[in-house]
Structures are given as structure tokens and as C-alpha cells.
Amino acid sequence: MSRVVVTGRIPKPGLDILRRDGHEVVAWGSEEQQPREQLLEQVRGADALLTLLTEQVDAELLDAAGEQLQVVANVAVGHNNIDVPVCRERGVVVTNTPGVLTDATADIAMALILMASRRLGEGERVIRSGTPWQWGMFYLLGSGLQHKTLGVVGLGGIGAATARRARAFGMNVVYSSRSQAPRELELELGAHRVDMDTLLATSDVISLHCPYTSSTHHLLSSEEFAAMKRTAYVVNTARGPVVDEAALVEALKAGEIAGAGLDVFEDEPAVHPGLLECENAVLVPHLGSATIETRTAMATLAADNAVAVLAGREPPTPIR
């Protein structure tokens, strides 16, 4: 019997898969993040770890777990919380949960586009604060999406799903990506690949769907905001550090861009205090995959990955 440590609270179906396979399951049962010292103690002797984005899987954690550790199954599509090269050096398989959160995250991206462009956050705050208001021709005017251009940075699964939603709202699509998308996908979306400079200059909405790496750290900063249309909106459902939050605050306050919608933040759960002062910023607390169906599917896939590795099989979604 293998010892499987689940470092954060996950939906029950994921735990059931592990237990049905006969493994000893040790699970953290609180929504609160487990203190690091307690986590280091909990992982001792683990053959498998199911981890959340809030846990840093580094040499220290691997040392604490021990040489018998076989797999780290991240309950997320992103894996910048895991030192993958160190895991590989030690023969530890790393997996993630791609695909199952595509639609949920694309829904949030489209929701942020609508909220930012139609100033819905501002409008709700008016109502909730009890501020007097009256309908007027120019009151809280936003911007329509029809015939506008969506610039997708990273046309992977989530980027493509967001583009499909934008097309349904009458938007045109351009994209910037490390590689050319399949021709069939370009034809379906009516999408054209452009360089980043062209995307910045021509897009009315820029939606970020790229992975977080050293090359995408602060991909959007002061220079990029200055290159955008003053009427443009930026939406980030990828990873917080892809956007330089301090530069974004300056751009929003100076009117260099029209607005922003953020689901992720540079130093989560902390949010740059300047963003809280920007009425033209829509801010939600990392809800991209936050549906019952999606979180259950993520936990289930992570458990399937762990069970496969412990049985000596290829996991469904390894990180190559």
C-alpha cells in the first residue's frame, strides 16, 4: 500500500479514487493553506503528492518527502509552483490537469471582457453603495464588442475557447503565439497570427493565455501599455506575474488604456493597492476554474495521474 499525501482540500471524488485503489490517503481538510512547517512534516514518507498551486514543490519539500516519492500530481493546469527540473533529476514524475478547465476559464475571460468594456463593476458598486443615480444618455457609457478586435496572447486550448466566445459577440480575432496554430483552427476562428507589436497596436481587447515563464514575466509592462490603443482593455486569466501590476496601475490612472479585468495577481492573494483605487479595473479572486464540475474533474484527473504512476503505468497527463 502506497502513502498518498493530498496537500490541500480537494473534492471527494478525487479522494475516493485513491482510496478505492487501496492507498493510504493523508489529506489536508481545510480551505486554509497548510503552514509550511506542517506541510514538510506531513509529506514525510509519501509515495505520491497531490498538490495545489498554493504549495511550492521544491528541493526542500522533496527532501522532506524522501527518496521513495514517485509522483507529484498538480491539481492545476499551471505548474510554476513546481520545480520540474529538480523533480526530474530525482526521478519524480510531474503531472497536471490540462483540458478539464478550458471552458470554465474561457467563461471567466469572456465575463471579464464584458464587465470591463461595459463598466459593470462600476455600475454594481453604485447600486451596492447606495449612491444616487439616474439614467442618462451618457451615464456610465461603455464600449461595444461588435466588429472590435480581440488579441489573444497564447492560442492554446483556453485562448481558442475564449476566441470562440468572442466570435459569438461579433469580434475579430488576431493572435500572437510561439508557434502557428493549426490551419483548421485559424479558419474556424477567422484568426490571423501577428507579431506582438502588431497585436498591441491593433487590438481593442487583449486577453492573456500564455504560460508563466521567465520569458513571459511582465510581458505587459509600461512600454507595452503605451503601445496600446487608449480605448483598449486588458484581461488576464493566465498567471499574475505576466502583467506588471505597478505599470498597469499607472496606465489605468493615466488613461493610457481604458480598463482591465484580472482574475490572477502578481503576488496572490495580495493585490497591488493601486488597483483597488482604479474604478476601471475589474478584480476577481482567481475564479477561472471555480465551478463544481471543473474542480471535481481536476481532482479526479490528478488522482488518476497519481494512481497510474504508482501502478507503473504512463499517467494520462504528464508534464513533458
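Which residues touch the most other members of the largest nonpolar core? In this predicted model, they are Leu208, Leu220, Phe225, Met228, Leu248, Leu252 and Ile257, out of 28 residues in that core. At least two core residues come from each of α9 (196–202), β9 (205–208), α11 (245–254) and β11 (259–262), and α11 gives the most, with 5 residues. Leu208 touches Val153, Leu220, Val235, Asn236, Thr237, Ala238, Val242 and Val243, leaving aside residues up to four places away in sequence. Another core, of 23 residues, lies apart from this one and includes Val152, Ala181, Leu189 and Ala191.

Next comes the sheet. Five strands form an open sheet in the order β2-β1-β3-β4-β5, with parallel pairing. β2 (24–27) and β5 are the edge strands, each pairing on one side only. From one strand to the next, the twist averages 15°. β3 and β4 are joined in the parallel sense over 4 bridges, and Val72 in β4 is the bridge partner of Leu49.

α13 lies across β1, β3, β4 and β5 and runs at about 165° to β4. The buried residues of α13, among them Met298, Leu301, Val307 and Leu310, pack against β1 (3–6), α1 (12–20), β3 (48–51), β4 (71–74), β5 (93–95) and α5 (102–117).

The length of α13 can also be checked. At 1.5 Å a residue, its 19 residues (292–310) should span 27 Å, and the end C-alpha atoms are 27 Å apart, which agrees. After α13 comes Gly312, with a positive phi near 80°.

Conventions:
Residues are numbered from 1 along each chain as its sequence is written. This is a predicted model: local features need pLDDT of at least 70, side-chain atom pairs count only at pLDDT 80 or more; totals for chains, interfaces and linings use all residues. Side-chain values use heavy atoms; hydrogens and water are left out. A nonpolar core is a set of buried Ala, Val, Leu, Ile, Met, Phe, Trp, Tyr and Cys residues joined through side-chain atoms within 4.5 Å. Buried means under 20% relative accessible area, exposed over 50%, partly exposed in between (1.4 Å probe, protein chains only). Contact means heavy atoms within 4.5 Å. The expected span of a helix is 1.5 Å times one less than its number of residues. Two strands pair if DSSP finds at least two bridges between them. Axes are lines fitted to C-alpha atoms, for helices over the stretch in contact, and angles run from 0 to 180 degrees between N-to-C directions.
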